[in-house]
Amino acid sequence: MLLRRIAAALVAVLAVGGFQAVTAAPATAAPRVLYYDASQAQEFKSVVDQGAQIWNSRVTNVRLLPVPAGSTPNIRVYADNGWPRAQTTSLGNGRWYMGRQAVNQGYYQPRIAAHEFGHLLGLPDRRTGLCTDLMSGSSAPVSCTNAYPSTREASTVNSNFATTASVPAGTFVWS
């Protein structure tokens with residue numbers, strides 16, 4: 001008790017004398033880095049990179065980066081003739097496919113890429129039909145060109161990566 005009074009008196013004297021106590025700012029965790037490999041995405045490699053940049057511009061607790069040489073990626077991206085789909089093994093890990101079927105039907109390629117990355121970041125499909133919901137997928141009109149997650153979707157991803165939350169393995173299909 002006496003020690004607290006002395007400390008309080010010392011702080012008061014220093015404050016009167018123009019000194020300011022320095023307090024440490026709350027520590028913020030560095031974002032978790034997830035590496036992706038788009039080498040098998042064929043003609044969609046630049047769209048995959050664009051999808052990663054979209055997420056990087058909207059979230060702070062995770063970063064999607066191309067895999068450095070000699071490293072193992074968390075996410076592998078492929079192209080095929082089916083529907084876009086994602087297969088997760090755990091939060092931030094798995095693979096997704098840039099399916100040409102949706103591209104051929106006119107769906108906006110950056111939206112597809114950002115949507116499929118969203119699954120690896122822990123978001124499920126939400127068939128709302130709203131263009132403002134990235135995770136509404138193909139339930140939004142083909143004319144939808146919004147490739148950015150909503151505030152709610154970005155907040156969920158930030159929450160997913162703020163802790164050691166886990167997301168069960170699963171498969172998500174665009175159609």
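Begin by selecting Gln-42, which sits in the loop that links strand 1 to helix 2. The model is predicted, so local features need pLDDT of at least 70 and side-chain atom pairs count only at pLDDT 80 or more, while totals for chains, interfaces and linings use all residues. Residues are numbered from 1 along each chain as its sequence is written, and side-chain values use heavy atoms, with hydrogens and water left out.

Gln-42 has a positive phi of about 50°, although this residue is not a glycine. Is Gln-42 buried or partly exposed? Its relative accessibility is 49%, so Gln-42 counts as partly exposed. The cut-offs are under 20% relative accessible area for buried and over 50% for exposed, with partly exposed in between (1.4 Å probe, protein chains only).

**The whole chain**

Now zoom out and colour by secondary structure. The protein chain contains 5 helices and 6 strands. Along the sequence, their order is α-β-α-β-β-β-β-α-α-α-β. Of the chain's 175 residues, 41% count as buried. Contact means heavy atoms within 4.5 Å. Among contacts between residues at least 6 apart in sequence, 62% join residues at least 24 apart.

**Strand 1: Ala-38**

Select Ala-38, a residue of strand 1. Ala-38 has 6% relative accessibility and therefore counts as buried. Leaving out residues up to four places away in sequence, Ala-38 touches Lys-45, Val-48 and Val-77.

**Helix 2 against helix 4**

Next, show helix 2 (residues 45-56) together with helix 4 (residues 109-120). Two packed helices are described by the angle between their axes and the distance between the axes. Here the axes come within 8 Å and cross at roughly 60°. Each axis is a line fitted to C-alpha atoms, for helices over the stretch in contact, and angles run from 0 to 180 degrees between N-to-C directions. Helix 2 and helix 4 are therefore oblique to each other. Angles under 35 degrees count as roughly parallel, over 145 as roughly antiparallel and 65 to 115 as roughly perpendicular, with the rest oblique.

The crossing of helix 2 past helix 4 is right-handed, meaning that the near helix is turned clockwise from the far one by less than a right angle. To see the contact, select Val-47, Val-48, Gln-50, Gly-51, Ala-52, Ile-54 and Trp-55 on helix 2, then Gln-109, Pro-110, Ala-113, Ala-114, Phe-117 and Gly-118 on helix 4. These contact residues divide into 9 nonpolar, 4 polar and no charged.

Which residues surround Ile-75? Apart from residues up to four places away in sequence, Ile-75 touches Leu-34, Tyr-35, Tyr-36, Asp-37, Leu-64, Gly-92, Gly-94, Trp-96, Phe-117 and Leu-120.

**The loop between helix 4 and helix 5**

Move on to Pro-124, which lies in the loop between helix 4 and helix 5. At 42% relative accessibility, Pro-124 is partly exposed. Its C-alpha atom is 9.1 Å from that of Ser-136, 12 residues apart along the chain.

Ser-136 is also placed in the loop between helix 4 and helix 5. With 0% relative accessibility, Ser-136 counts as buried. Not counting residues up to four places away in sequence, Ser-136 touches Arg-111, Arg-126, Arg-127, Thr-128, Gly-129 and Leu-130.

Ser-150 belongs to the loop between helix 4 and helix 5 as well. Ser-150 is buried at 16% relative accessibility. Beyond its neighbours within four places in sequence, Ser-150 contacts Thr-132 and Asp-133.

**Last stop: Phe-161**

Finish in helix 5, at Phe-161. Phe-161 has a relative accessible area of 8% and is buried. Phe-161 and Asn-61 are 100 residues apart in sequence, and 5.6 Å apart in space from C-alpha to C-alpha. Among the residues that Phe-161 touches are Arg-32, Leu-34, Val-62 and Leu-121.

Note on methods. Helix = DSSP H or I, 4+ residues; strand = E, 2+ residues; numbered from the N terminus. Nonpolar A, V, L, I, M, F, W, Y, C, P; charged D, E, K, R; others polar.
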